[in-house]
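Visitor: I am new to this structure and would like a guided look at its side-chain contacts. Could you show it to me?

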Amino acid sequence: MTPNRRRNYILTTVSLSVIVVACIVVAGCTGGTSTPGTAAGLTGTSWALDSYLDENGTLVGVLPGTEITARFDDDGKVTGSAGCNGYGGDYQLDGTTLSISSIAQTLKLCTEPEGIMDQEARFIDLLGSAAGCRIESDRLVITDAEGADVLVFVKGDESTGLAGNTWWTLTSLAGENGTQTPVLDGTGVTVTFSAEGSLGGSAGCNHYSADYTVDGAALTIEPAIRTEMYCMDPPGIMDQEDRYLALLTEVASYRMEDNLLILADSEGGDLLVFEKAAQTPDLPLVGTDWVLESYSANGDAVSSVIAGTTITANFDDGNVTGNAGCNHYGGQYSLDGADLTVSSLYSTLMYCETPGVMEQEAAFMGLLANVSSYRTEGDRLILTDAEGTDLLFFVQAPEVTPAPLAGTEWTLESFSIPGGETVSSVIVGTTITALFDPDGNVTGSAGCNSYGAGYQIDGAELSIEPPISTKMHCNEPEGVMEQENRYLNLLTSVAGYQIDGNRLDLLDEGGATLLSYSAGRP
């Protein structure tokens, strides 16, 4: 497996980009009942497509060198390979009626053999048109609303069920004495197997990736690579992670029992027991709050974000904004399908003393400027360069209850300077604050002097009266009095506000940001 493929796999899920297909079903399936999965012979079998109805209304065989599969599980899910991409969806049996809906698939592009993507698109369309089925010996025939045979499957090799779009969650692992030990509460250890011979997931704290080979029920897993985070909670999580990754290299075989995946050693002893995980729909790029989890370092390695720092991104209305770990940043982006370009990046000019933070920020901004495409996989976002190398790995940011305007002490982080298009950070060594009282007064420190003013609020509209302040003069740090005058003048230009989590932006009449605060003192 090439290093690039390993990079592209680690930290990603193989969750599905949702393509919803609403199906109105009117035909029947022999042996069907009102409960999904009770049709005689339908479930618990891996079906391999033998032929399908082409555009001319003729049943044609599957292209040589391709394999299209389907598996109907007892939980009402149908999954498989469409030839290039994995897919999944819901199915129902109600009396003599079968429906298949919410079909979703991954977004790989395959070029060989010729016609594979056209065949895949036709298969997905026909699967979505399913209106009935019948089982004839070792064949499964799916029919459309007019009763025409559209998909003909034969029983497939059960050993091919390991690879696909299924995620597995670890429930227990073998201890040093060989007995199964439950996974620690509050940890999530996962794995998924790709058809290309790589596996990956979360080891509880770090994400990992490894190569694997399978031959029937025999399974061999190479030593894994992982990210470099260190987690302290819950106690024992790192020991569990080390044990899990070590056990992966001892795996010699696998078996599936109901919704369980069991990996065993060469003597047949159970090492790892997984259960099938629920799939997560892909989140949209635009409008989702993303937080960086790791990033590409030196081209071949993946580095975790420094503990105690938070790097974020939000894409909305052609603008990307966020925190780069020390400074706030912004820029513009353009989208064309999965192609994504980021331009005109700028940031505030603060300096943070935590070791490595400024180097990490510079690396993040440089990688962001090189982004050429993106993909979302469940609650994850991966940004990629023009060569297909994964650069930045985000997850959905946890939801933060917005801090209230009144009663919160807000600390200024940046402000606009004349012209309105440039943003300046607060001078190091100065602190500017604002506290909006419920009685209509705002008070705080302007960096040197204390100030106060009346304010009025109407929905998202906010106006602040000319402030009054004490009359001290501060000589240090350099520029503090000019900064104070700028700040107090900007307060009188405020016409509105918006709060996003623990961030407050005061806006002018045109909606441009004049002053940006964070909740609480630094």
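Guide: The following conversation covers disulfides, salt bridges and aromatic pairs.

Visitor: What should I know before we start?

Guide: This is a predicted model, in which local features need pLDDT of at least 70 and side-chain atom pairs count only at pLDDT 80 or more, while totals for chains, interfaces and linings use all residues. Residues are numbered from 1 along each chain as its sequence is written, and side-chain values use heavy atoms, with hydrogens and water left out.

Visitor: How many disulfides are there?

Guide: The count comes to three disulfides, a disulfide being a pair of cysteine sulfur atoms within 2.5 Å. One of them joins Cys84 and Cys110, with the sulfur atoms 2.0 Å apart.

Visitor: Which parts of the chain does the pair of Cys84 and Cys110 link?

Guide: Cys84 is in the loop between strand E5 (77-81) and strand E6 (86-94), and Cys110 is in the loop between strand E7 (97-105) and helix H2 (116-128). The two are 26 residues apart and link distant parts of the chain. As for the labels, helices (H or I, at least four residues) and strands (E, at least two) are DSSP runs, numbered from the N terminus.

Visitor: Why is the disulfide of Cys84 and Cys110 right-handed?

Guide: The torsion about its S-S bond is about 80°, so the disulfide of Cys84 and Cys110 is right-handed.

Visitor: Is Cys84 buried or exposed?

Guide: Cys84 counts as buried, at 8% relative accessibility. Cys110, at 22%, counts as partly exposed. Here buried means under 20% relative accessible area, exposed means over 50%, and partly exposed is in between (1.4 Å probe, protein chains only).

Visitor: What about Cys205 and Cys231?

Guide: Cys205 and Cys231 form a disulfide with sulfur atoms 2.0 Å apart. Cys205 lies in the loop between strand E14 (198-202) and strand E15 (207-215), and Cys231 in the loop between E17 and H3, so the pair ties together parts that are 26 residues apart in sequence. Cys205 is buried, with a relative accessible area of 7%, whereas Cys231 is partly exposed at 21%.

Visitor: And Cys448 with Cys474?

Guide: Cys448 and Cys474 also form a disulfide, their sulfur atoms being 2.0 Å apart. Their link is right-handed, with 80° about the S-S bond. Cys448 sits in the loop between strand E33 (441-445) and strand E34 (450-458), and Cys474 in the loop between strand E36 (468-469) and helix H5 (480-491).

Visitor: Changing topic: how many salt bridges does a search of the whole structure find?

Guide: The search finds 13 salt bridges. A salt bridge is a side-chain nitrogen of Lys or Arg within 4 Å of a carboxyl oxygen of Asp or Glu. Side chains of opposite charge can pair when their charged atoms come close.

Visitor: Which residue forms a salt bridge with Glu241?

Guide: The partner of Glu241 is Arg226, with the closest N and O atoms 2.7 Å apart. Glu241 is in helix H3 (residues 237-248) and Arg226 in strand E17 (residues 225-226), 15 residues apart. Glu241 is buried, with a relative accessible area of 0%, while Arg226 is partly exposed at 35%.

Visitor: Which residues do salt bridges that share partners join into one network?

Guide: Arg134, Glu136, Arg139 and Asp149 are joined in that way. Within this group, the side chains of Glu136 and Arg139 meet at 2.9 Å, N to O. Glu136 is partly exposed at 33% relative accessibility, and Arg139 is partly exposed at 35%.

Visitor: What about the aromatic rings? How many aromatic pairs are found?

Guide: Eleven aromatic pairs are found in the whole structure. Rings of Phe, Tyr and Trp (its six-membered ring) pair if their centres lie within 6.5 Å; planes under 30 degrees apart count as stacked, over 60 as edge-to-face and the rest as tilted. Among the pairs, Phe123 and Phe153 have ring centres 6.4 Å apart and planes at 75°, so the pair is edge-to-face.

Visitor: Where do Phe123 and Phe153 lie?

Guide: Phe123 lies in helix H2 and Phe153 in strand E10, so the pair ties together parts that are 30 residues apart in sequence. Phe123 and Phe153 are buried. Ring pairs link Tyr87, Phe123 and Phe153 into a cluster.
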